[in-house]
Amino acid sequence: MDEAEKTHRADAEAEAERIQQEVEEATADPAAQEEWIRQSNLIYGGLAAAGLVVVQPFLTSSPLDLSAKICVIAFAVSIPLLAALLVLNRQEAFRHRVTSSRLVAVAKAIAQGSAFAGIAAAFWHISLIAGIVFVAVAIFAVGVHSSGYMQLEYDGKFRSRFRRRT
């Protein structure tokens, strides 16, 4: 490796370390954490409410086809977890910070993933095409949100635009 390559590699490593530090600072920002708590409340409450509404027709119908069973089981997993996460969010709001528990991170992934599966299965129960369209548009929506979020919150050098509270 020649001197130019060494210099380029050292510069790239320094830039990567700087970006990682900026990301860590942004995630530790109290204002960002409070906004994440508010957004999480909206997400968890909306998913739990959607689950309760979607599952109701299946409570009195029997036997359930495969898509209906998937829907009911997915919401049987997600609704209690979403309720627990809503209560936890109240504690996080009270403490003005988010938890760093790995168990909570796993619960968030399971709750949101199973709620998504439940909603997709509900659309599938109505129509296979509706289920496929829901999944495809949901994937596109994640891209739309990510693109907009990055554009709003970070400049070209990945510096957070969250204001620091001192």
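Colleague: Is His96 buried, partly exposed or exposed?

Modeller: Partly exposed, because its relative accessibility is 47%. Buried is under 20% relative accessible area, exposed is over 50%, and partly exposed is in between, with a 1.4 Å probe and protein chains only. This is a predicted model: local features need pLDDT of at least 70, side-chain atom pairs count only at pLDDT 80 or more, and totals for chains, interfaces and linings use all residues. Residues are numbered from 1 along each chain as its sequence is written, and side-chain values use heavy atoms, with hydrogens and water left out.

Colleague: Where does His96 lie?

Modeller: In the loop between α3 and α4. Helices here are DSSP runs (H or I, at least four residues; strands are E, at least two), numbered from the N terminus. The phi of His96 is near 60 degrees, a positive value in a residue other than glycine.

Colleague: And what joins Ser62 and Pro63?

Modeller: A cis peptide bond, with omega about -5 degrees. Pro63 is in the loop between α2 and α3.

Colleague: Which helices do the buried residues of α3 pack against?

Modeller: α2 (30–59) and α4 (102–126). Contact means heavy atoms within 4.5 Å. Among the buried residues of α3 are Cys71, Phe75, Leu82 and Leu85.

Colleague: At what angle do α2 and α3 pack?

Modeller: About 150 degrees, with the axes 8 Å apart. That makes α2 roughly antiparallel to α3. Angles under 35 degrees count as roughly parallel, over 145 as roughly antiparallel, 65 to 115 as roughly perpendicular and the rest as oblique. Axes are lines fitted to C-alpha atoms, for helices over the stretch in contact, and angles run from 0 to 180 degrees between N-to-C directions.

Colleague: How do the residues of that α2 and α3 contact divide?

Modeller: 17 nonpolar, five polar and one charged. Nonpolar is Ala, Val, Leu, Ile, Met, Phe, Trp, Tyr, Cys and Pro; charged is Asp, Glu, Lys and Arg; the others, Gly among them, are polar.

Colleague: What about α4 and α5, how do their axes cross?

Modeller: At roughly 145 degrees, coming within 6 Å. The residues of the contact of α4 with α5 divide into 10 nonpolar, one polar and no charged.
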